[in-house]
Amino acid sequence: MKNLVCPICKCDFVHPHYVECKDGNDSYQTINKTRIDRSGFSHSYEIKDHDYRARTLGVINVGFRCENEHIFTISYNFHKGSTYVIHK
Ligand SMILES: [Zn+2]
């Protein structure tokens, strides 16, 4: 097992910061977003214009904060049975 490290400073003291779930519809034009963090729970709904082309129908973002205050995200993007993992 390996420790998760901050991609900015390589610090391996990282803490969970938030969890965020987004979903859309088959037209890729709407997003429901639910977020949980230290301040609590929030939910929002966005309608994107027709030029918006997300690659995925669903996203789970897990945010982390290192002890040097850097925030980074591991993003799980779902599309047609495939899951893409992106470190941001
Ligand atoms: Zn860091």
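This is a predicted model: local features need pLDDT of at least 70, side-chain atom pairs count only at pLDDT 80 or more; totals for chains, interfaces and linings use all residues.
In strand 5, Tyr76 is the bridge partner of Ile60. In total, eight bridges join strand 4 to strand 5 (residues 71-79), and the two strands run antiparallel.

Along the sequence, the order of elements is accordingly β-β-β-β-β-β. The chain has 88 residues, of which 3% count as buried. Contacts between residues at least 6 apart in sequence were also considered; 40% of these join residues at least 24 apart.

Strand 4 pairs with strand 1 as well. Strand 1 (residues 14-23) and strand 4 (residues 58-66) run antiparallel and are joined by nine bridges. Within this pairing, the partner of Asp23 is Gly58 in strand 4. Pro16 is also found in strand 1. The C-alpha atoms of Pro16 and Cys66 are 8.9 Å apart, although 50 residues separate the two in sequence. Pro16 counts as exposed because it has 12 C-beta neighbours inside 10 Å, and a residue with 12 or fewer such neighbours is placed in that class.

Strand 5 is likewise paired with strand 6, to which it is joined by six bridges in an antiparallel arrangement. Strand 6 covers residues 82-87 and includes Tyr84. With 12 C-beta neighbours inside 10 Å, Tyr84 counts as exposed. Tyr84 and Val59 lie 25 residues apart in sequence, and the distance between their C-alpha atoms is 9.4 Å.

Most residues other than glycine have a negative phi. Against this background, Glu69 has a positive phi near 70° and is not a glycine. Glu69 is located in the loop between strand 4 and strand 5. These two strands form a hairpin with four residues between them, and Glu69 takes its positive phi there. Glu69 is exposed, because 10 other C-beta atoms lie within 10 Å.

The hairpin of strand 5 and strand 6 has two residues between the strands. In this hairpin, Lys80 takes a positive phi near 50°.

Lys10 is not a glycine, yet its phi is about 70°. This residue is found in the segment before strand 1. Lys10 has 9 C-beta neighbours inside 10 Å and therefore counts as exposed.

Taken together, the pairings described here connect strand 1 to strand 4, strand 4 to strand 5 and strand 5 to strand 6.

Key
Residues are numbered from 1 along each chain as its sequence is written. A residue is buried if 20 or more other C-beta atoms lie within 10 Å of its own, exposed if 12 or fewer, and partly exposed in between; C-beta atoms are placed from the backbone. Two residues are in contact if their C-beta atoms, placed from the backbone, lie within 7 Å. Two strands pair if DSSP finds at least two bridges between them.
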